Amino acid sequence: MTRQKIEIKKIDNPTARQVTFSKRRRGLFKKAQELSTLCDAEVALIVFSTTGRLFDYSSSSMKQVIDRHNLHSQNLHKFDQPSLQLQLESSTYAILSKEMADRTRELRQMKGEELQELNMEELMRLEKSLEGGLSRVVQTKGERLLNEIDALRRKEAQLTEENLRLKQHTGINTNVQGHSFNTFICSSSGDNSQDRESSNTSLKLGKLHTCGTTYFHHLPY
């Protein structure tokens with residue numbers, strides 16, 4: 001004879017309900033003990049009857065099991081709730097990501113891209129922004145050109161001064177060399193006069209030297 005499968009619902013008859021409670025409770029505690037023994041598991045059961053009577057089972061200490069359960073629940077709660085620092089980092093990352101996306105979109109719009117989603121007011125504001133940026137670029141460019149021109153003028157003045165100083169130095173050296181050359185000519189001229197006097201004296205003595213041979217010629221007095 002097969003066992004009849006009963007419907008799982010509240011038993012209306014109090015006597016039958018109490019009998020079923022006693023049988024099922026003993027079977028439940030037996031299964032808990034088997035689970036703890038076979039699997040080396042830490043098991044604790046707490047059951048209250050309809051009359052408020054307490055029935056419990058624990059494979060070790062009931063308080064130890066309950067404390068462990070509470071600690072595990074607290075850890076799970078901490079894992080579920082991210083830390084304050086992690087929340088701040090996530091919030092900062094979200095803000096920076098949004099700002100980066102906005103700046104990227106603005107840059108593309110300034111380049112003339114993605115303008116379809118802008119209305120007339122936004123287009124006018126973008127135009128003013130571009131005009132202001134262009135004027136600043138032109139102003140900076142002009143200032144840079146003026147600075148370069150001033151630098152070139154200072155360089156030109158420096159080179160001109162250096163060239164003039166070199167010319168003056170070259171003129172002084174030329175005058176000194178010319179004076180030395182004139183002095184040398186004068187000295188040479190004086191030596192030639194003495195040579196001519198000596199030659200005349202030799203001629204008067206009638207002594208001539210030609211090609212290393214000495215000739216004597218009597219000159220009339």
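The structure is a predicted model, and the protein in it has four helices and four strands. Read from the N terminus on, these elements follow one another in the order α-β-β-α-α-α-β-β.

**The protein as a whole**

- The protein has 221 residues, of which 9% count as buried, where buried means a relative accessible area under 20%.

**Helix H1: length and ends**

- Helix H1 covers residues 14–39, which is 26 residues, and it spans 37 Å from its first C-alpha to its last, close to the 38 Å expected at 1.5 Å a residue.
- At the start of H1, asparagine 13 places a side-chain oxygen within 3.2 Å of the backbone nitrogen of threonine 15.
- Just after H1, the chain continues with aspartate 40, which takes a positive phi of about 55°.

**Helix H1: its buried residues**

- Which residues of H1 are buried? They are Ser22, Arg25, Phe29, Ala32 and Ser36.
- An α-helix has 3.6 residues a turn, so residues three or four places apart point the same way.
- The cover over the buried residues of H1 includes strand S1 (44–48) and also strand S2 (54–58).

Definitions and conventions
Residues are numbered from 1 along each chain as its sequence is written. This is a predicted model: local features need pLDDT of at least 70, side-chain atom pairs count only at pLDDT 80 or more; totals for chains, interfaces and linings use all residues. Side-chain values use heavy atoms; hydrogens and water are left out. Helices (H or I, at least four residues) and strands (E, at least two) are DSSP runs, numbered from the N terminus. Buried means under 20% relative accessible area, exposed over 50%, partly exposed in between (1.4 Å probe, protein chains only). The expected span of a helix is 1.5 Å times one less than its number of residues. Contact means heavy atoms within 4.5 Å. A polar contact is a pair of N or O atoms within 3.5 Å; within protein, one must be able to donate a hydrogen and the other to accept it, and residues adjacent in sequence count only if both atoms are side-chain atoms.
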